[in-house]
Each structure stands twice: as C-alpha cells, then as structure tokens.
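Hello,

Here is the structure I promised to pass on to you. Have a look at it first, and then read my notes below.

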Amino acid sequence: HDLTFGASVEAYESENVFFPGSQSAYVYRSLSDFYTDANDFLAQCGSNAASWANCSRAVSPVNLRRFQVRYTNIPGQTKPIQPLEVLFSGLYAQDEWRVQSNLTITAGLRVDVASFGNTGFENSQANGYTFRDENGNAVQYQTQKLPDAKPLFSPRVGFNYDVRGNGQTIVRGGTGMFTGRPAYVWISNQIGNNGILTGFEQQDNTTARPWHPNPDHYKPSSPSGNPAPSYELALTDKNFKFPQVWRSNLALDHKFASGWRATAEFIWGQDVNGLYYINANLPAADGFFAGPDARPRYFSVTGDACTQANRINCNITSAIVLKNQNVGRTYNAAFSLERNFLNGLYAKVATAYGSSENTVDPGSIAFGSWNNNQHTGDPNNPGVGFSNNFQGRRTFLVASYTRDFFGWGNTTISTFLENFTIGNSSYVTSGDLNGDGGTSNDLIYVPRNASEMNFEAITGSTPFTVAQQEAAWDAYISQDPYLRTRRGQYAQRNGLLLPQITRMDLAVSQDVSRLIAGSKNTLQIRFDILNFTNMLNKDWGLAQVPISTSPLIVRTPTTTGAKAGQPRYQMRVVGGQLMNRTFQKTAGVLDVWRMQLGFRYTFN
C-alpha cells in the first residue's frame, strides 16, 4: 500500500467591475429608424451642441426595438465594484494497493468546500418579491445570500491489470466523482446585479426613450443607495452546489508480436451537479401558437400591474437564478494503432468520436447564459441539447522518418494528416418568435412541405412572392444534410454539424551535434509548412461555416384565415437572392498555408 494524504487552502479575493450599457444603448429596427430619431432630435434641439444639454424630447417618432441603460446606484461611487471573498479548502486521501504483481487498485476520496464572505448587497425590496420557478411554483430569494459552505465529496477508484504479467495486454479503467475549481464569476454576478450596486433600465418596443447624445441623459441625477427604480437580478438557488461530474473509463492496451501497439478506450461522463439558469421573473406563457409549430407564446400581459410584457415584478427586468441539474452527459470512444520501426520510421493512426449534451453552456454573464440559450418554447425548461463542446469525429495519421544522413546529426521528416469536425451550430429564427424577450434564440420548426409554411411577401427593391419563398425554403431544406432529416420536427440546439476538414502539416528538422567540454550540444533547425494541403491545392484545407443560421425572419403572426395564430416569416435574402445553400468557405489564417522556421539549442 502506498498511502497519500494532503490538504489545500486557497484564500481568494477579487474586485470585479462589469458595467455594460452604461453608455446607453438604443436598438433600432433599421438604419432609417435611427436617422429619423436623430433628425427629430436636431429639429427640436437645434444643431448647436451647446444647447443640447438642456433639451429633452418626451417621445421618439419611431418605435425602438430596445433601450437599455445601466448606472451606479450608490452615492459617490463612479464604478460598481463587486467584492468577492472566498476560502476554498480541500482534503484528500489515496491508497495505491498492489494486490498482486500484475494488479494495482487505486482508491481515494477528496472533499472540497468553498466558503464565501458576506460581501453581498441586501435589497429588502427584492427580498420581499415573489417569483416563479421553472415548475410554476412561487419562490422568494435573498439578494445578499451567497452559497452556503457545502462539502463536495469526490470518491474514485481505478485499476490497472496486466493480464499475463508481461506488459503485453493491459486492461485499465476507473470510475469516480470529480469536482471542478469553482468559477467564481458565477457568484460575483449576484453581487453585481442586485438593484443596490447598480440600477438597470430596459424598455422594449417603446417611444418613451428618444435618442439623446448624452449617454447619461436617462440616468438618475442623484442616486440614493436605496433600491433603484428599475434593475436586474442575478440570484443563486439556496441548494446550489458547484459542478461535479461522475466519470468512468475503460481501456485496453495490447502489444502485438509484430511491434504494433493498439489502444482502445471509452470514457463516459454524467453531470451530478450540472448548471442551468431560469428567469424567475418570467410569467407563464399566455398561450400557444396554432398549427404544426405549437410552441408556447408570450403575447400579452394579464393579471398583473406591469405595463411591459413578460415581467412578474414590473421594475425587475429579469431575475436570473443559478441552479443545478443532473441531465448533462458526455462520451468519447477512441482507437489508436502505432509502431516504432527499427529503421527510424514511426507511424500512428487514431480515430475518435465524442458527443456531449447539456441544458446550457454557461458563460460569465448570468442573463446572457439564459437569454442566449436556444430552445423550442419555454426558456426556463429548454431541455437537453448538444453542447457547444460537441467533439464529433476526428481521425489522424502521424508519420515520421529519422536518419543521420550526414554524420553530424539526425534528419527528421514528419507529417500530420487530420480529418476532424470543426464545430456545431443551431438553426434559429431572426427575431423574437415566442415573445419572451430574447432574440435569435428560438429554434426553428422544419416544415414537412409547403402546406406547413407561412410566409409574408417581401416588398421593396428585391421583392419575392409567398410562392417564391415557399419553393426556395423547401429547396433549401432539401439541400441541407441536417434539415432534411428534421422535417416535421424542431431543429436541435447545436444539432448542425459543420463540415469536416482535412488538413496536413509537413515538417523537416536537422540536428547538428558537437561535443563541447565533454558534453553533447545540439542545434536543431526546423522548417514547418502548416496546412500543407492548401499549398498543394488552393481549394484544399479550407473550413466551411454557415452563411446564416437564421434563414427565417420573424414577422407578425397571422391573425385571420386558415393560418390564424400561426408564426409568419420572411426568408432571408443574401446577395439579392433567397438563401439557396448552407455553407460558404472561410478565409481565415488557418485556411491558408503558412511557413515557419525555428531554432532550438539543447545543452546536454
């Protein structure tokens, strides 16, 4: 038995400043709407900038899509500093047990605890509000309440078994819980968004915030430090735990008599404390769309005093709550074959396929993690989808040849050939289809045929009829290898896999070795051609990305006739034509061949 014990203690302090929208943000539906608003300002306030400070308009001549402004709410504070104090401690113990000469079992336990200081801001007003969780239950939160110090236990066990005791065939594997180091920004979001540190105003579809050149025009002139008139919240569920994953693997290594070595491995992961977000200030949907795309729809305000849609508490723009789920999963299967030949040749070939699914890929901003998460209806119950970290397929071949041709050092010629999936994406509508306040996060419904489509004619300089759009959309679906498999269904989050790329790198290195003071010294000169494939042919080694993942533009739903209550769209026009293909080649630095020359000196 080899016993290992240890402990770790980390004291962490930070002062984060996150102040988006402090310059005032105006979102217009078109460039002409902005010109109309700005010209109206000049007409009423004049062209002399000296008179602008005291000039104000009550309404805008256009309907703004969105207005936002964020401001410090504590008197005398110029920047909203989010103080965070954490004591992160861990204990671990491990036993490496050599059961017999060809079998080793390793078992261990780790316990981690994150203790947060009392640096949150108490908002007694928000603490008294009632919100709604993802199941429709009434809930309340405490803005100052950071996560409790909960011990996270991570047991694990692994084994290594040499089948014949001669190193020819080895079976290895293990299973256990693993805890990641806390991402403290998830918690500092709560310290920053509580209605005390900052105020935040957001108005949608409004004429009450006409454009003004002064970015501070709509900010309170003298904040009091009391709850702001309007603000957003970032909150943490009282039972929240930092992420843990249960991971298992099983592998086989085998050496063949010919000198080849093969490895096969399978890894499986399951979320124990995965992450997801809800907007607890979002009421229940007002109804559903009619027709084949019968997703929930938010379209009116009933039963509350709010004057703006989709808020339970009118002065709260959003209340994003960090919670746990255990539905995320991932797996990876890999196989490799390699050999060192006696004549200086080395070769390896490997292939792998990996998949990962979760509810949300959390970022550093609470609202963005919720608002930008693609879904098919209820944003507080988005369901499991493919992760941004979906791996897909990867196959590579490595070959190198080393020989001392000149008598002063080895010459090595090597190549790396790879075919891999570069990423994935989601098909969403352009605009807020279901009316929940989030744009470009509604996954599209893929119609079976033209009878399930509902288009509005495109007018203007490049007009297209409803019939032309129906034909173009049906043709687009048919040419898209993913969409044509989803007819009669919703597109999946990150379900669109980007085309695989094949690239090859080539390298030549020359060693020059000499004995200096009795020791071998080596100068290596290395010449690389990256993406050598593109050097051979300008059309090789290029990536492809979607021209647009939002081919449908949301219009006002149909109100009369056989398709009353159904979503209505216009198809995206690109280059004067309705979209007719999915992908286009990219032209980044990785798509072209590059050369580099390197030098390395080794003292032995």
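**What I found**

S24 counts as buried because its relative accessibility is 9%, where buried means under 20% relative accessible area, exposed over 50% and partly exposed in between (1.4 Å probe, protein chains only). Before I go on, please keep in mind that this is a predicted model, in which local features need pLDDT of at least 70, side-chain atom pairs count only at pLDDT 80 or more, and totals for chains, interfaces and linings use all residues. Residues are numbered from 1 along each chain as its sequence is written, and side-chain values use heavy atoms, with hydrogens and water left out.

**Two serines with positive phi**

S24 sits in the loop between β1 (2-17) and β2 (25-27); helices (H or I, at least four residues) and strands (E, at least two) are DSSP runs, numbered from the N terminus. Its phi is near 75°, a positive value in a residue other than glycine. Most residues other than glycine have a negative phi. S440 also has a positive phi, of about 60°, although it is not a glycine. You will find S440 in the loop between β23 (424-425) and β24 (445-446). S440 counts as partly exposed because its relative accessibility is 37%.

**The chain as a whole**

The chain has 604 residues, and 43% of them are buried. Its secondary structure comes to six helices and 35 strands. Along the principal axes, the C-alpha atoms fill a box of roughly 85 × 60 × 55 Å. The chain exposes about 29,700 Å², of which carbon and sulfur atoms supply 54%; these areas come from the Shrake-Rupley method with a 1.4 Å probe, and for residues only the protein chains shown count as cover. Contact means heavy atoms within 4.5 Å. Among contacts between residues at least 6 apart in sequence, 75% join residues at least 24 apart.

**A pocket and some cavities**

Both terms rest on a 1 Å grid over the protein atoms alone: a cavity is a set of points where a 1.4 Å probe fits but cannot get out, a pocket is an open set with protein on both sides within 12 Å along at least five of seven lines, and lining residues have an atom within 4 Å of a point. Grid points are joined across faces, edges and corners, and a volume is the space filled by probe spheres set on the points.

The second largest pocket holds about 690 Å³ of space. Its lining has 36 residues, with V245, R247, D271, T330 and N358 nearest the centre. Strands that each supply at least two lining residues include β12 (244-255), β13 (261-271) and β19 (345-358). By class, this lining has 12 nonpolar, 18 polar and six charged residues. Here Ala, Val, Leu, Ile, Met, Phe, Trp, Tyr, Cys and Pro count as nonpolar, Asp, Glu, Lys and Arg as charged, and the others, Gly among them, as polar.

There are five cavities of 30 Å³ or more. The largest cavity has a volume of about 140 Å³. It is lined by 14 residues, and Y445, E452, M453, N454 and Y569 are the closest to its centre. That lining divides into 10 nonpolar, two polar and two charged residues.

The second largest cavity has about 110 Å³ of space. Of its 15 lining residues, A114, D148, K150, L152 and F242 are the closest to the centre. Strand β5 (residues 103-116) gives the largest share of the lining, four residues.

S355 is found in strand β19 and is buried, with a relative accessible area of 4%. Leaving aside neighbours within four places in sequence, S355 is in contact with R329, T330, Y331, F386, F390 and Q391.

D40 lies in helix α1 (residues 31-45). Its side chain makes a polar contact with the side chain of R57 (2.7 Å); such a contact is a pair of N or O atoms within 3.5 Å, where within protein one must be able to donate a hydrogen and the other to accept it, and residues adjacent in sequence count only if both atoms are side-chain atoms.

Helix α3 (residues 185-192) is mostly covered, with seven of its eight residues buried. W186 and I187 are among them.

Best wishes
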